[in-house]
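Student: I am new to this one. Can we go through its side-chain contacts together?

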Amino acid sequence: MHPSEQDTNMPLTGIRVLDLTRIISGPYCTSILADMGAEVIKIETPGEGDPVRRQGVIRDGLSWYFANYNRNKKSVTLDLYSQEGKDILRSLIPRCDVIIENYRPGIMEKMGLGSDALKVLRPDIIHCSINGFGTSGPYRDRPSFDFIAQAMSGFMSLNGAESDPPMRAAPPISDLIAGMNGALGVMAALLRRDRTGRGDTISVSLLSSMIGLLSFHAANYFANGQLPARTGNDHGIVAPYGLFETADGQVAIAPSNDAMYEKLLDALELQELRTHPDFQANADRMLNRTSIKAIVEARTREQPTHYWIERLNRYGVPCGPVMNLREVFADPQVADQEMAIDVPHPDGQQVRMLGFPVKFTEAPCRAYRASPELGADTDDVLTELGLSREYIAQLRQAGKI
């Protein structure tokens with residue numbers, strides 16, 4: 001896939017986003033909007049930029065981690081501690097539809113850019129704040145990162161085997177889901193603005209985003225007041241379900257209801273279990289989960305993984321191998337869905353990065369710009385604001401941009 005001029009028919013074409021974010025949650029939010037066609041102007045600190053520029057694997061001076069979350073964006077460097085930087089930012093805001101930041105609550109107000117001030121600059125502005133704990137409450141001023149949100153949301157308490165300590169999910173899931181929620185909130189606010197002409201202020205926290213993922217675990221706790229046990233790869237409310245050993249590895253099997261369970265018995269030629277008193281209903285199978293898993297696993301150990309993948313799929317039982325990243329990105333289905341794309345960068349590198357999980361038929365997401373070099377678009381954006389080249393040169397000389 002090659003970057004090219006932005007398609008004028010993309011879903012968010014014509015929307016301009018002022019991006020005051022860094023690290024993951026905010027940049028992921030704005031990357032979703034950029035991938036869908038929004039013009040995203042990323043504000044970075046002169047000489048430093050987003051800290052992720054220096055994290056992850058660096059190849060020829062470029063962080064591929066940074067490149068993945070900042071494609072399709074422009075980079076403008078501004079010293080927001082200086083009066084000149086603040087003045088330029090205030091000049092930019094009326095020209096933008098959306099402003100997204102992931103500062104701690106209160107920082108925008110200290111900059112003189114709280115929600116009321118933003119509305120003065122542009123009455124229909126949409127302001128999205130991505131933060132650790134929310135913009136109110138006793139923890140609002142605390143710093144937070146993904147690991148803290150996973151711990152404090154209850155999410156970590158549900159992961160791992162029953163005999164193991166609480167376990168985090170490896171990807172920074174709270175940052176990613178908060179970024180996704182932020183993008184969803186922004187798009188909903190844009191739709192509402194089309195109807196009403198009014199903007200909105202949106203708050204998305206890492207903590208609340210993680211709590212929103214608790215699903216049936218929270219529902220069951222609300223219903224009976226009992227804390228759910230950690231079940232590892234077994235399901236919390238369905239059995240049999242999980243990883244089962246094969247002759248040469250493991251297979252993931254997910255018969256999530258009674259109809260699927262019946263198909264599993266047919267595929268494994270274990271029809272006699274239909275009348276077994278310990279396994280009649282899912283509630284019985286949950287009480288006897290260890291026993292039924294042992295019976296299923298005794299059968300799956302008789303054949304290699306590829307045999308069971310073919311057979312279980314033929315019978316309509318959800319299943320799959322446990323794949324590492326090399327296997328994932330070599331998989332023909334993943335290749336068909338273009339979930340790894342190569343984007344050329346100005347330095348000549350072909351940067352492989354994650355593709356687009358949302359597939360539009362008429363206006364697909366595209367990589368139309370490589371991730372920007374620090375400050376690559378400063379002159380163009382400031383010239384558009386009406387600043388003279390002489391003044392821009394003075395600002396650069398003074399380190400303000």
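Tutor: Start with a term: rings of Phe, Tyr and Trp (its six-membered ring) pair if their centres lie within 6.5 Å, and planes under 30 degrees apart count as stacked, over 60 as edge-to-face and the rest as tilted. Ring pairs link Y28, Y65 and Y69 into a cluster. This is a predicted model, where local features need pLDDT of at least 70, side-chain atom pairs count only at pLDDT 80 or more, and totals for chains, interfaces and linings use all residues. Residues are numbered from 1 along each chain as its sequence is written, and side-chain values use heavy atoms, with hydrogens and water left out.

Student: How many aromatic pairs does a search of the whole structure find?

Tutor: The search covers the whole structure. Its count of aromatic pairs is five.

Student: Which kind of aromatic pair do Y28 and Y69 form?

Tutor: Y28 sits in helix α1 (residues 25-35) and Y69 in helix α2 (residues 64-69), 41 residues apart. Helices (H or I, at least four residues) and strands (E, at least two) are DSSP runs, numbered from the N terminus. The ring centres are 5.8 Å apart and the planes make 90 degrees. That pair is edge-to-face.

Student: Is Y28 buried or exposed?

Tutor: Buried means under 20% relative accessible area, exposed over 50%, partly exposed in between (1.4 Å probe, protein chains only). Y69, at 12%, counts as buried. Y28 has 17% relative accessibility, so Y28 is buried.

Student: What is the angle between the planes of Y221 and F222?

Tutor: Y221 is partly exposed at 38%, and F222 is exposed at 67%. Their centres lie 6.1 Å apart. The pair is tilted, with planes at 50 degrees.

Student: How many salt bridges does the whole structure hold?

Tutor: Side chains of opposite charge can pair when their charged atoms come close. A salt bridge is a side-chain nitrogen of Lys or Arg within 4 Å of a carboxyl oxygen of Asp or Glu. The search finds 26.

Student: Which residues are linked with E39 and K74 in a network of salt bridges?

Tutor: E39 and K74 meet in a salt bridge at 2.7 Å, N to O. E39 is in strand β2 (residues 39-44) and K74 in strand β5 (residues 73-77), 35 residues apart. The network also takes in R16 and E384.

Student: Which residue forms a salt bridge with D258?

Tutor: D258 lies in helix α10 (residues 258-268), and its partner is in helix α11 (residues 282-287). The closest N and O atoms are 2.8 Å apart, and the partner is R285.

Student: Over the face of which residue does R285 lie?

Tutor: A charge sits over a ring if NZ of Lys or CZ of Arg is within 6 Å of the ring centre and within 35 degrees of the ring normal. R285 is 3.7 Å from the ring centre. The ring belongs to Y261.

Student: How far apart are N and O in the salt bridge of D342 and R352?

Tutor: D342 is in strand β12 (residues 340-344) and R352 in strand β13 (residues 350-354). D342 is partly exposed at 26%, and R352 is partly exposed at 46%. The N to O distance is 2.9 Å.

Student: Over the face of which residue does R142 lie?

Tutor: R142 is 3.9 Å from the ring centre. The ring is that of Y139.
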